[in-house]
Amino acid sequence: MSNTLMSRKAVWLAAALALWGLCGVIAWGALMLFQQTPGISAQAPSQWPASTNIRPSPGRAQLVVFVHPRCPCTRATLDELKELVENATTPVDVHLLYYRPAGTEKDWLRTDLWDSASRISNAVVHEDINGELARRFGVKTSGQVLYYDGRGRLLLATGITAGRGNTGANQGRDAVAALLAGHVPSTDQAAVFGCPLGNDTLFTSRLGSVP
């Protein structure tokens, strides 16, 4: 084999490796961008909406959490919620509102995210048929958390994860933790990372897929 041919092959190999590396960097960057791109934040009513069938306990704080049962991003939200409730010193009721498209069977909800509800103290699960409750609370994104005080006033609308599917320190989680400890939070809103509620065409399997 001539030196020229060997040299050409080496150049092509080096170019192919460089292209492969570039594609990897681009893919990694796209994934990081996706994980840090928030969903649409809630435009929640300042007072607990009277038009819902959820009746808060008088004098007790209420945490309302919206869940698309096939959104993998929301696993991190429920993990963070479990820890927050376990460490709370302020009495709080937890309402988990699971989205279910109209016309689907109850089994549509039966994912690992549905099972996660049983591990959260004081949590009551509600089926949100066709996202009607989400609309009444002005919520568009799975993983949205609303905190209402014992007088029905909205104190916080936030996400509680560091990114899509990422647990760890973040402003929203810290704000909920402050309220559950009887303190004033540093903010009354923070980004929510999750899948859009109502886009059930994005989820084609039982466990769902990353949208």
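Predicted model: local features only at pLDDT ≥ 70, side-chain atom pairs only at ≥ 80, totals over all residues.

Reader: OK. Which residue caps the N-terminal end of α5?

Author: Asn 170 does. One of its side-chain oxygens is 3.3 Å from the backbone nitrogen of Gly 172.

Reader: And what follows α5?

Author: Gly 182 follows it, with a positive phi near 85°.

Reader: Is α5 mostly covered or mostly open?

Author: Mostly covered: of its ten residues, seven are buried. Gly 172, Arg 173, Ala 175, Val 176, Ala 178, Leu 179 and Leu 180 are the buried ones.

Reader: What do those buried residues pack against?

Author: They pack against the strands β1, β2, β4 and β5, and also against α2.

Reader: Further along, where is Val 184?

Author: In the segment after α5. Val 184 has a relative accessibility of 76%, so it counts as exposed.

Reader: Changing topic, cysteines. How many disulfides are there?

Author: The count is one disulfide. Cys 71 and Cys 195 are the partners, with S to S at 2.2 Å.

Reader: Which hand does that link have?

Author: It is right-handed, with 80° about the S-S bond.

Reader: Where do the two cysteines sit in the chain?

Author: Cys 71 is in the loop between β1 and α2, and Cys 195 is in the segment after α5.

Reader: Are they buried or exposed?

Author: Cys 71 and Cys 195 are both buried.

Reader: Now the rings. How many aromatic pairs are there?

Author: Six, from a search of the whole structure. One of them is Phe 66 with Phe 137, an edge-to-face pair with 5.8 Å from centre to centre and 65° between the planes.

Reader: Where are those two in the chain?

Author: Phe 66 belongs to strand β1, while Phe 137 is in the loop between α4 and β4. They are 71 residues apart, and the pair links distant parts of the chain. Both Phe 66 and Phe 137 are buried.

Reader: Why is the pair of Tyr 98 and Trp 114 edge-to-face?

Author: Because the planes of Tyr 98 and Trp 114 are at 70°, with the ring centres 5.1 Å apart. An angle over 60 degrees counts as edge-to-face.

Reader: Where are Tyr 98 and Trp 114?

Author: Tyr 98 is in strand β2 and Trp 114 in helix α3, 16 residues apart.

Reader: Are Tyr 98 and Trp 114 buried or exposed?

Author: Tyr 98 is buried, at 0% relative accessibility. Trp 114 is buried as well, with a relative accessible area of 16%.

Reader: Last one. Which residues form the aromatic cluster with Phe 66?

Author: Trp 48, Phe 137 and Tyr 148 form one aromatic cluster with Phe 66.

Terms used
Residues numbered from 1 in each chain as written. Heavy atoms only, no water. Phe/Tyr/Trp six-rings, centres within 6.5 Å; stacked < 30°, edge-to-face > 60°. Helix = DSSP H or I, 4+ residues; strand = E, 2+ residues; numbered from the N terminus. Buried < 20%, exposed > 50% of the residue type's maximum accessible area, 1.4 Å probe, protein only. Contact = heavy atoms within 4.5 Å. Polar contact = N/O pair within 3.5 Å; in protein donor to acceptor, adjacent residues only side chain to side chain. Disulfide = S-S within 2.5 Å.
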